[in-house]
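Please report on the contacts, charge pairs and helix packing of the structure shown here.

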Amino acid sequence: MRYDNLNVYKSSLNLAIYIEQIVPSFNKSNKYTLGEDLRSYSKKILFLIYKANKSKNKINILVKLIDIIEALKIIIEITKEVRGFKSFKQFIIISEMILDISKQTNLWFNYYKNEKIK
């Protein structure tokens with residue numbers, strides 16, 4: 001199965017693209033600290049989706065994916081608190097995107113977790 005057809009991959013790619021678009025508007029100190037973290041973690045999410053999709057043991061990789069998503073949520077929250085986003089609207093958009101990805105990933109994880117139990 002191709003990973004680029006997965007909804008969670010498409011949503012994560014949109015998130016990574018959005019992050020690439022907004023980070024240049026950050027002030028200098030946030031651009032090279034929090035902005036780089038946002039970029040890095042969004043790319044890690046894409047890679048882990050690819051890796052989980054091709055793996056026979058998806059559970060372990062999906063656990064790592066969930067951890068990276070949670071880490072990104074924390075970075076987003078820190079960025080909001082230090083006023084790194086140019087506007088509150090950017091924070092709302094990115095929060096909605098990561099929430100959607102988190103929900104999809106948890107559904108994916110629960111599906112394979114329940115399959116393993118059977």
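Lys-10 touches Asp-4 and Asn-5, leaving aside residues up to four places away in sequence; contact means heavy atoms within 4.5 Å. This is a predicted model, in which local features need pLDDT of at least 70 and side-chain atom pairs pLDDT 80 or more, while totals for chains, interfaces and linings use all residues. Residues are numbered from 1 along each chain as its sequence is written, and side-chain values use heavy atoms, without hydrogens and water.

Lys-10 belongs to helix α1 (residues 7–22), helices being DSSP runs of H or I with at least four residues, numbered from the N terminus. Its relative accessibility of 40% makes Lys-10 partly exposed (buried is under 20%, exposed over 50%, partly exposed in between, with a 1.4 Å probe and protein chains only).

The whole structure holds seven salt bridges, each a side-chain nitrogen of Lys or Arg within 4 Å of a carboxyl oxygen of Asp or Glu.

Salt bridges with shared partners join Glu-20, Glu-36, Arg-39 and Lys-43 into one network. Arg-39 is buried at 16% relative accessibility, whereas Glu-20 is partly exposed at 33%. Lys-73 and Glu-70 are three residues apart in helix α4, so about one helical turn separates them.

Definitions and conventions
Helix = DSSP H or I, 4+ residues; strand = E, 2+ residues; numbered from the N terminus.
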